[in-house]
Amino acid sequence: MNLRDLKYILAVAETRHFGRAAERCFVSQPTLSGQIKKLEDELDVVIFERTNRSVEITPVGEAILAHARLALEQAEAIEQVARAHQDPLAGPLRVGAIPTLSPYLMPLILVPLKRTYPKLRLVLSEEITGSLLGRLARHEIDAALLATSVNDTDFDTFPLFDEPFWLAHPVNHPLYEQDEITARDLEEIDLLLLADGHCLTHQVMDVCHLAERPTRGEMADLRASSLETLLQLVSAGFGCTLIPALAIRGGWMTDGGIVARPLALPEAYRRISLVFRRSFPRRQALEAFANVVREHLPNTVRRLPA
């Protein structure tokens, strides 16, 4: 057994296909298949059940893969320790972020991060919370920028900032003449929500004290998959929506026919945190990344101490 064999079985587990796994590992399919069969014979277990149509992981295979991920991470840590002797903040840092945060936060921090830590290479991915947590647990990313609390003893968290929600409504909306927006106002308007699966939807429902999504009328039929689509619907006069404070810096503020208003609700915010595995060996790199985020936030959010 060697690290190469562990990389092969992880590639098959992630692609569920021997051919694609071989391409990822830059070897021929017979070579990869032969090495995995040799490993299975050595361990006297079956890691993958193979058919003409699919590749499935056996229960013992799942247990072996969990250890393989840890072994490969620790092997990478050994390389990082060696590099850290010369520069503790060099190499890739794989960070995931939710779609309602990434487009608005990343433009604020990418240049400062590159300027402050030129040898730290940020590898960014954008997915919903459930997908990011799964990838984090499988060691496919190193950390995730999330807006929901995580109750998992395998994970640790750096709280970064509290981001208030603002109301976005058409410029000709009756609320335009109102001095402040209250909880009662939110209960009485047509509120557009993202499609199920986005944590922002549940947070907005909590802020508005909604027990469930609308089941009748236009609001029940409109399901946007992105914040940008929601804002296009607001611009077209289909209703209002709540947006995180960082999103009010978008171009739609000037030419979209939309007005963004703060809420008279101190509890109407979401907490953004950097979540990572406790076993991750490069904590210093995560601390550096978190500090850059905190230092380059606008005054529309409340930064949290390190």
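**Exercises on a predicted structure**

Serine 273 is found in strand β9. The model is predicted, so local features need pLDDT of at least 70 and side-chain atom pairs count only at pLDDT 80 or more, while totals for chains, interfaces and linings use all residues. Residues are numbered from 1 along each chain as its sequence is written, and side-chain values use heavy atoms, with hydrogens and water left out.

**Exercise 1.** Determine whether serine 273 is buried or exposed, and list its contacts.

*Solution.*
Step 1. Recall the classes: buried means under 20% relative accessible area, exposed over 50%, and partly exposed in between (1.4 Å probe, protein chains only).
Step 2. Serine 273 has a relative accessible area of 9%, and is therefore buried.
Step 3. A contact means heavy atoms within 4.5 Å. When neighbours within four places in sequence are left aside, serine 273 touches Ala144, Leu145, Leu146, Thr157, Phe158, Pro159 and Leu160.

**Exercise 2.** Describe the salt bridge between glutamate 73 and arginine 277.

*Solution.*
Step 1. A salt bridge requires a side-chain nitrogen of Lys or Arg within 4 Å of a carboxyl oxygen of Asp or Glu.
Step 2. For glutamate 73 and arginine 277, the N to O distance is 2.4 Å.
Step 3. Helices (H or I, at least four residues) and strands (E, at least two) are DSSP runs, numbered from the N terminus. Both glutamate 73 and arginine 277 are buried.
Step 4. Glutamate 73 belongs to helix α4 (residues 59-84) and arginine 277 to strand β9 (residues 269-277), so this pair ties together parts that are 204 residues apart in sequence.

**Exercise 3.** State what the salt bridge of arginine 50 and glutamate 40 connects, and classify each residue by accessibility.

*Solution.*
Step 1. The two side chains, of arginine 50 and glutamate 40, meet at 3.0 Å, N to O.
Step 2. Arginine 50 lies in strand β1 (residues 48-50) and glutamate 40 in helix α3 (residues 29-43), so the pair ties together parts 10 residues apart in sequence.
Step 3. Arginine 50, at 39% relative accessibility, is partly exposed, whereas glutamate 40, at 5%, is buried.

**Exercise 4.** Which residues are linked with Glu127 in a network of salt bridges?

*Solution.*
Step 1. Glutamate 127 and arginine 135 form a salt bridge of 2.9 Å, N to O.
Step 2. The network links Glu127, Arg135, Arg138 and Glu140.
Step 3. With a relative accessible area of 24%, glutamate 127 is partly exposed.

**Exercise 5.** Summarise the chain as a whole.

*Solution.*
Step 1. The chain has 12 helices and 10 strands.
Step 2. Of its 306 residues, 49% are buried.
Step 3. The structure holds 15 salt bridges.
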